[in-house]
Amino acid sequence: MNVRSEMLNLIRHRKDGYSLPQPFYVDQAFFDVDLDLIWYRDWLFAGHDCELLKPGSYFTLQVGAYPIVVLRDRDGTIRAFHNSCRHRGSRVCSADRGVVAKLVCPYHQWTYNLDGSLAFARQMGEGFDPTQHSLKPVACESVAGYIFVCLADEPPAFAPFDDLMRPYFAPHNLTDAKIAFQSTIIEKGNWKLVWENNRECYHCAGSHPELCKTYSESPNVTGVAGGGEDPEMAEHWARCEAAGLPAQFRMHDSGQFRAIRAPLLRDAESYTMNGRRAVARGLSDAVDAQRIGALMLFNYPTTWNHVLIDHAVTFRVMPISPNETAVTTKWLVHKDAVEGVDYDLDTLTHVWTQTNDQDRRIVEENALGIRSPAYEPGPYSQLHEGGVIQFVDWYTRTIESRLDGAGREPIRRVA
Ligand code: FES
Ligand SMILES: [Fe+2]
C-alpha cells in the first residue's frame, strides 16, 4: 500500500473523538504528505508588517523544502519570493533579516531589484535575457499587520480570512507596532502535537502556574463551540462591542480559522504575574476601553494569537521534521513604547516564556510516549478537549479531501 492509500485508509477507519494513529505523529512519509497537501497549499503566517519598516527591509523563512524571502518593495508593497537564485540556485538571502538596496546573490553577485526582476548579471554573454530570470514570486497578502504567504500556484481565496480577521484586529493597529522581543524554540514533536496541546487547557492547571493567574481554563475560552450561553462571555462581548471592538466567537465554515474575545480572570488586563499591564503605553491609541481581555485568533496550520490592551503575543508554527517543530513567539508593543521606561522586558515576556517552555516539555513527552509500540489512539475529553477534536477533524477532513482530489497528481519529493 502506498503512503497516500495508507493515510486515507487510517483516516477513514479512525475512531471519532480519538487521537490519531501513530504514523501521523512520527512517520516521515506521512510528514511529507502533510507538507504537500497542507503546508504547500494553504496560507501561512510569515511575520508582521512592522518588521518591514523601510523599503528594502526583508526577513527570511523556511517552509519545508522552500526558502522564502519576504520584503518591502520601493513603493511600499510587501512581496515574497522564492529565495533561490535564478543562476544556479543559491539562496540569495542567507540572513534572518536585514535591509538592502537590492538583493545580491552571494555566489556570483547576480543582483535583483526589490520587485524580483534581475538588474545585473555579470558577463552572461549575448543572447542572455535577464527578463527571463526574475526571482520567482510567492503569493503574499497582508491583513491588519499580519503577512501571509502561500506556496501554491493557485492559492485558495484569502478574502474569507481577511473578512473575518480584519474587523477584530484593525483597531489594535498592529501594522504600526514594534516587536519588543521574539524567541524561537524547537519542540521535539510533530506539528500536530503542538497544535493539539495548544487547542485545550485541560493541561493548564497542572502545567502553567504563571498563565493560570490570568488565563481561564474554561472550555468556553479555549474551545470552539461559541460560549455565548455563558453569561460572563455574553457580558464581555456586549461590553467590548459597545466600545467598537468586535468580540463574539466567529469561526469560518471550514473550521480553519476563528476569532474570539475572552475576559481574563479577575479582570486582569495582561498576561503578567499580577494581572496588571506590562506596558504603560497602550498598544493602540484607537482603543480606550477597559477590561477588553484577550482577542484570540487561530489560523491552521501556522498561527495562534493573543491581543491584549497593552501588548500582543503572536505565535508561528513551522514543521521541521516528523519529530521537530519550530515555534516562534513575538511580543508586540506600541511603536513608541520605550523599554526600561514604558515596560520591563522580563515582566512583559515572563509568563509566555515560561508557558512556552512548559508546553515544549509537554509536547516532547507526548511525542516520546507516542513512539512506543504500545501506543494506541486514546479518547479526547468531550468537555475540555473540544478544541483538539475540532483541530483533528479539520486536519483529517482536509487531508482526506485533498488526497481524494490529488490522487492523480504526483507528489513533489521533499529532500
Ligand atoms: S547562484 Fe546566484 S549568482 Fe550564481
Ligand atoms: Fe499549554
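Modeller: Start with the axes, which are lines fitted to C-alpha atoms, for helices over the stretch in contact, while angles run from 0 to 180 degrees between N-to-C directions. Helices (H or I, at least four residues) and strands (E, at least two) are DSSP runs, numbered from the N terminus. This is a predicted model, in which local features need pLDDT of at least 70 and side-chain atom pairs count only at pLDDT 80 or more, whereas totals for chains, interfaces and linings use all residues. Residues are numbered from 1 along each chain as its sequence is written, chains are lettered from A and ligands numbered from 1 in the order in which they are written, and side-chain values use heavy atoms, with hydrogens and water left out.

Biologist: At what angle do helix H5 and helix H9 pack?

Modeller: Two packed helices are described by the angle between their axes and the distance between the axes. Here H5 (residues 191-198) and H9 (residues 345-370) pack at about 125 degrees, with 10 Å between their axes. H5 is therefore oblique to H9, given that angles under 35 degrees count as roughly parallel, over 145 as roughly antiparallel, 65 to 115 as roughly perpendicular and the rest as oblique. Leu193, Val194 and Asn197 of H5 make the contact (heavy atoms within 4.5 Å) with Asp359, Ile362, Val363, Asn366, Ala367 and Ile370 of H9. By class, the contact of H5 with H9 has six nonpolar, two polar and one charged residues; Ala, Val, Leu, Ile, Met, Phe, Trp, Tyr, Cys and Pro count as nonpolar, Asp, Glu, Lys and Arg as charged, and the others, Gly among them, as polar.

Biologist: Which residues make the contact between H1 and H3?

Modeller: H1 and helix H3 (residues 28-39) pack at an angle of about 85 degrees with their axes 10 Å apart, and they are therefore roughly perpendicular to each other. From H1 the contact takes Val3, Arg4, Glu6, Met7 and Leu10, and from H3 it takes Ala29, Phe30, Val33, Asp34, Asp36 and Leu37. The residues of this contact of H1 with H3 divide into seven nonpolar, no polar and four charged.

Biologist: In what order do the strands of the sheet with edge strands S11 and S12 lie?

Modeller: Strands of a sheet pair through backbone hydrogen bonds, either parallel or antiparallel. Seven strands form an open sheet in the order S11-S17-S16-S15-S14-S13-S12, with antiparallel pairing (two strands pair if DSSP finds at least two bridges between them). Its edge strands, each pairing on one side only, are S11 (177-187) and S12 (250-251). Five bridges join the antiparallel strands S14 (residues 294-299) and S15 (residues 303-307), and Leu295 has Val307 in S15 as its bridge partner. In the loop between S14 and S15 lies Pro301, and the peptide bond from Tyr300 to Pro301 is cis, with omega near 5 degrees. Helix H4 (residues 159-169) lies across S12, S13 (257-262), S14 and S15, running at about 15 degrees to S13.

Biologist: How many salt bridges does the count come to?

Modeller: The count comes to 20, where a salt bridge is a side-chain nitrogen of Lys or Arg within 4 Å of a carboxyl oxygen of Asp or Glu. Glu400 forms one with Arg12, the closest N and O atoms being 2.9 Å apart. This pair links distant parts of the chain, with Glu400 in helix H10 (residues 386-405) and Arg12 in helix H1 (residues 3-12), 388 residues apart.
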